[in-house]
Amino acid sequence: MSLFINLSLNGITNGMIFAAVALGLVFIWRATHIVNFGQGSMAMFTTYLAVTLLDRHLNYWLAFAAALVAGLIMGAVIETILIRPLRGKPALNPVIVTLGLFILLEGMAGSIFGIGNRSFPPAFSQAGLTFGHTKVAFSHFDVFILAAVVVLMLGTLALFRATSLGLRMRAAAFAPEVARLLGVRVGRILTLGWALAAVAGSLAGLLVAPTVSFSPNFMDLVLVYAFTAAVLGGLDSPVGALVGGLVTGLALSYVGGYLGSSLEPLGALAILMVVLSARPEGLFSRPEPRRV
Amino acid sequence: MLDVDDLSVSYGAVKALRGVTFQAQDGSVTAVLGANGAGKTTLLRTVSGLVKQQSGTVSYDGVKLSGLSVENIVRLGISHVPEGRGVIEELTVDENLRLGTLWQFNRRQRKSVLDEIYELFPPLAERRSRMASTLSGGERQMLAIGRALSSKPKLLLLDEPSLGLAPLVTAQIMALVRRLARETRLTVVLVEQNVRSALSIAEEAVVINLGRVVVADRAETVAADTQLRHHYLGF
Amino acid sequence: MPSPDGRTPTRLSGVPWLRWLRLPRQPLLRHLLFGAVAAVGFYLLTSSLSAFNNFRVGEIALYVIALAGLSLLTGTNGQISLGQGAFMAVGAYTLGVLTTHTHWPMAVDVLAAIVLSGALGVVVGIPATRLKGPYLAGMTLILALALPRIADKYTAFFGGDQGLTVNAPTPPGTIDPQRWLTWIQLAGAIIVLILLANLTRSRFGRSFRAVRDDEIAAGLAGIHVARTKVLAFTVAASCAGLAGAFLGLSIGVVNTGEFSLTLSIYLLAGMVLGGAGTLVGPWWGAIVIVFMPGWSNSIANSFSLGSAVAANLSLVIFGLVLIVVMMAVPMGIQGGVSWLVGRALSLVPGIGQPRGSRGPPDIATTPDITTGGG
């Protein structure tokens, strides 16, 4: 029983991280109809930047913030240089470009930051908390993970529902041509979408790094699981990203705990196949509305 | 004044517009008529910047529009209500209307602009927090026009506003358009299949067939020319 | 425009320029002829090379097989797959397991590798028929990550970290073992290319292309779309299985380290470089894949960039290849670099525009929409 509880807690915290990356994938999908397979590598790169700053004894939270800002800039630059020129071209091209970005960033990180194993210090203690007499697999750091992702989600909600910028972003995602006719600078909005998506990814990278062995492919599996989560929830649904993330996190935690960690990716594959066979548009996706 | 001079537009190998020339005077309503596929929608889309022209010039108040982005053309005071209205279903009525005001007005100004629109279109005021997907055809047309007006344009491009609307609603909308043109010196270019209603409110008429201008004259002249009407306009 | 010495200009991409010679009209005969000529050429080549270089040639041959299969699946049939490396793993591990646990002859083991990976191709190909573009890419990406991990789980059977040892096939008589292996690999490549060339020219090939270009139209024309897609997947997987088995034979050991996600992306890059949907392209791609680590090392050393760069430069270069080719080639991966090179060279005086050069296929013309000015 305690294994189940620990696996569940583990699943929830992992799931929140998947949700954060999935949210980034959803932003980019809604804005530009592209799946950004480079999302994980981008997050990895900014996390490496943070760890390099930390090695130079910069304050933890400044390094944290620097990684997020770097993500913002990176997302904007990549959209402008790589993605915008591809608009109007065959749909397969951006897929391959983001795959190229995936390994390019991996190679660059390895080249610039070295191949030795590093470790990323956690913001808070990773020791399990004690409730009564039982120790659970849930630490202060896990609380931080939950809190950080919740803040991300609430911030996203506030942005989209309560600000003019959010209104522009939603309009640009739902009806880009009409939005342009209303004076919305859709191009800039799409760049901003990529920038914010990259920030979500960078945050996830910072949350994952302390829990794994830190190397240029530490985000590979996270990306793949986040993709599964996003597809499960619906690639155009931010709520779907959250729910999909939690479901995927829990499911994979059970698979890993009861069947063995090597079978986790296979578990993700199984989830993906089931979703794509039964309800390919995902749980929360809107049906395509008519435009009248 | 909108000045279209020898405009030619092609989609790949297909020539949609060939040497189209006409003017739309300030404060007037110009009807653009013709059969389906004649190129009327292409004309509006070229003026608003959605489509690139191959040759010729389009200028408004002396400013050349070719090469400008859609967003910058909007900022010159040109508002285009596209074919199909383009109501954004996932947003509320209020959000749709607000969208048009964002580039120009600050928070306080937006409120007064929106209040004006709601006065103009009471049904929209009643439904302001409802999703745009719940509106009827006539209400959607009001929303689309209201949204276009919310940026206080000087030139309004309307693409088939009567499409799918009952005759009474069409008449109301046409009357409104004429009133706006007269009262606010708004220049209107009106593409319509419903020739009768269009000619009833227009001062000028341009008839396009297979991408070429067949006739550009006063509206009543075009209305009176029965041969022309039979040949190009179907009645 | 004829070149200065008056001879007819040659086209630059692919095999068609050989039509200039009087070749048999029948595709099969033509392919067999090429195969025979290539076989003789390779025999002469391998006889003069050192063991290490023969090893290299063998490597190139096996990557040609994998790339040719991928090229059929992605270029001719339009299904993007990042799982080709996973199918290579299946082939390699089948060979490894059978070699270790049974006494069957090597040829049977290799055949089993082909069949098993082909079977897995059917299994994966069936759900894949419902997927497009990024969804298919994502699913095959997970496949590439998930399959090798199965070997991590059942370490007793799959040899764990050290993997399974594979012995090189024993050559008849006094033939040098490396040369014998290379001949086998080259023979495999030639046979696979002949088979694929015939397949591409047959009605199956037409079905592949029809489904790629417009699924709905193809279905309306009477083509069984799902079956076509699964067939393409199976052929690609079988090729990868053979390539994987050959890889195991080349290296002498089969372990998961060889079959990371990077391999699948390198294969994609190799295919993009050579031009998808062609049968000459895989040779270019294979050469680059085989020699890239060496080139990266040399570049890193000559600029004193350090060992971290040396180890990672291949990743950077392949990543750039994917990005740059996709952005520079407007019509997608049909053309690849060979098309680019052809266009570039056609600007050089004396070579001129290749007669009736078929560039990458046109996408449907769409209205010229100005992109958002941002």
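Predicted model: local features only at pLDDT ≥ 70, side-chain atom pairs only at ≥ 80, totals over all residues.
Confidence is taken up before the architecture. The mean pLDDT of chain A is 88, and 95% of its residues reach 70 or more. Within chain A, the element with the lowest mean pLDDT is strand 1 of chain A (residues 128-131), at 70. The highest mean among the elements of chain A, 94, belongs to helix 9 of chain A (residues 220-233). For chain B the average pLDDT is 89, and 100% of the residues score at least 70.

Chain B contains an open sheet of four strands, arranged in the order 2-1-4-5 with antiparallel pairing. Its edges are formed by strand 2 (14-24) and strand 5 of chain B, each of which pairs on one side only. Helix 1 of chain B (residues 40-48) packs on this sheet and touches strand 1, strand 2 and strand 4 of chain B. The direction of helix 1 of chain B makes about 110 degrees with that of strand 1 of chain B.

Two of the pairings in this sheet can be followed residue by residue. Strand 1 (residues 2-11) and strand 4 (residues 55-60) of chain B run antiparallel and are joined by five bridges. Across this pair, B:Asp5 is placed opposite B:Thr57 in strand 4 of chain B. Strand 4 of chain B also pairs with strand 5 of chain B (residues 63-64), again in the antiparallel sense, over two bridges. Here B:Tyr60 stands opposite B:Val63, and B:Ser59 stands opposite B:Lys64. Strand 4 and strand 5 of chain B form a hairpin with two residues between the strands. In this hairpin B:Asp61 takes a positive phi near 50 degrees.

Another open sheet in chain B is built from six strands in the order 6-7-8-3-9-10, and its pairing is mixed. Strand 6 and strand 10 (212-218) of chain B are the edge strands, each pairing on one side only. From one strand to the next, the twist averages 15 degrees. Within this sheet, strand 7 (residues 155-159) and strand 8 (residues 187-191) of chain B pair in the parallel sense over five bridges. B:Leu157 stands opposite B:Val189 in strand 8 of chain B.

Helix 10 of chain B lies across strand 3, strand 9 and strand 10 of chain B, at about 45 degrees to strand 9 of chain B.

The structure holds three cavities of 30 Å³ or more. The largest cavity contains about 100 Å³ of space. Its lining consists of A:Phe27, A:Arg30, A:Ala31, A:Phe160, A:Met169, A:Arg170, A:Ala172, A:Ala173, A:Ile189, A:Leu190 and A:Gly193. At least two lining residues come from each of helix 1 (2-32), helix 6 (164-174) and helix 8 (186-208) of chain A. Helix 6 of chain A gives the most, with four residues. By class, the lining of the largest cavity comprises eight nonpolar, one polar and two charged residues.

The second largest cavity holds about 50 Å³ of space. Residues from chain A in its lining are A:Val178, A:Leu181 and A:Leu182, while those from chain B are B:His80, B:Val81, B:Pro82, B:Ala144, B:Arg147 and B:Ala148. Two or more of these residues are given by each of helix 7 (176-181) of chain A, strand 6 (78-81) of chain B and helix 6 (137-149) of chain B. Helix 6 of chain B gives the most to this lining, with three residues. The lining of the second largest cavity has seven nonpolar, one polar and one charged residues.

Technical notes:
Residues numbered from 1 in each chain as written. Chains lettered and ligands numbered in written order. Heavy atoms only, no water. Pairing = 2+ DSSP bridges. 1 Å grid on protein atoms, 1.4 Å probe; cavity = no way out; pocket = protein on both sides within 12 Å on 5 of 7 lines; lining within 4 Å. Points joined across faces, edges and corners; volume = space filled by probe spheres on them. Nonpolar A, V, L, I, M, F, W, Y, C, P; charged D, E, K, R; others polar. pLDDT = per-residue confidence, 0-100. Contact = heavy atoms within 4.5 Å. Axes fitted to C-alpha atoms, helices over the stretch in contact; angles between N-to-C directions.
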